[in-house]
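Let's take a walk through this protein, from the overall fold down to a single residue. Have the sequence and the model open as you read.

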Amino acid sequence: MNTTYAANKTLPLRVEIVRQFKRRRTMVMFGLMLALPWILVIAFKVGPQSNNPGNALRISDLASAGALNFAAFSLSVSVFLLVVAVALFCGDTVASEANWSSLRYLLAAPVPRDRLLRQKLIVAMGYAAAAVISMPLMALLAGTLAFGWDDIQVPGTGETIPAMDALPRFAIVIGYALVCQLVTGALAFLLSTMTDSPLGAVGGAVGLWIVCQILQAVEALGVIREFLPTFWNNAWLDAIAPEPDYSGMAKGVAISVTYAALLIALSFRRFRRKDVVS
């Protein structure tokens with residue numbers, strides 16, 4: 001009988017996936033994500049309709065023009081909820097184990113610290129990505145059933161883009177929204193390794209997002225604002241323009257990936273030295 005210890009077989013991903021799936025907050029958050037588009041549909045159906053839609057060029061005024069317009073509107077108004085979802089999945093994963101005093105027992109299995117953190121990071125980011133992607137996909141379904149499948153109307157100009165041409169762009173928009181949340185997830189994960197309070201980790205990441213939103217409104221900061229992790233969050237609107245411009249999105253991806261990589265590296269460095277006994 002082979003009893004050789006194999007560190008690479010400890011805490012398999014499927015175990016961590018199931019553990020996190022059984023958490024109540026996972027079900028609640030996914031429930032909110034999937035319910036939001038239907039709540040918005042009800043709001044549009046119950047509320048008064050615009051009498052002059054031809055001159056309605058705001059993204060909210062064009063939301064009922066078709067499924068793609070509705071999905072774009074849903075994405076624009078749900079940014080804060082996406083931030084909370086990502087912060088919750090990434091900020092709760094390690095801090096909750098420390099809060100329950102189960103972290104020391106996981107490491108005593110023994111699970112190498114880097115492996116434990118890597119497995120938790122992969123699962124947390126996976127659930128966060130699923131949450132971010134599920135909302136606009138559900139919005140497409142809800143918008144199709146409620147408002148039909150039609151060409152997308154561009155906010156600001158009212159020009160139309162054929163639905164089949166806009167659909168690949170919308171896939172890019174969803175991917176970009178996911179990348180923009182990397183900083184929130186990475187910061188929440190870092191804070192999760194520094195505290196045994198899940199609420200503190202989640203609140204810290206959400207708080208930073210709010211502060212960045214406030215700072216980017218301060219025009220006196222000039223070009224400094226472009227280095228804020230939230231500055232380019234709305235650059236995806238350029239992807240659904242008649243002539244798409246991806247330069248802003250490219251800058252947003254570069255900044256988000258850079259910040260996220262640094263924060264994740266700090267997470268591993270911090271966790272290697274963490275006292276899990278006290």
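Helices here are DSSP runs of H or I with at least four residues, strands are E runs of at least two, and both are numbered from the N terminus. On that basis, the protein reads α-α-α-α-α-α-α-β-β-α-α-α-α along its sequence, which comes to eleven helices and two strands.

A word on ground rules: this is a predicted model, where local features need pLDDT of at least 70 and side-chain atom pairs count only at pLDDT 80 or more, while totals for chains, interfaces and linings use all residues. Residues are numbered from 1 along each chain as its sequence is written, and side-chain values use heavy atoms, leaving out hydrogens and water.

How much of the protein is buried? Of its 278 residues, 46% are, with buried meaning under 20% relative accessible area (1.4 Å probe, protein chains only). As for contacts (heavy atoms within 4.5 Å), 79% of those with a separation of 6 or more join residues 24 or more positions apart.

Now find helix 8, residues 163-180. Its 18 residues reach 25 Å from first C-alpha to last, close to the 26 Å expected at 1.5 Å a residue (1.5 Å times one less than the number of residues). Its buried residues include Arg169, Phe170 and Tyr176. Among the elements covering the buried residues of helix 8 are helix 7 (113-147), helix 11 (247-272) and helix 3.

Helix 3 (residues 67-77) is also where Ser74 sits. Ser74 counts as buried because its relative accessibility is 0%. Leaving aside residues up to four places away in sequence, Ser74 touches Leu40, Met135 and Ala139.

Technical notes:
Buried < 20%, exposed > 50% of the residue type's maximum accessible area, 1.4 Å probe, protein only.
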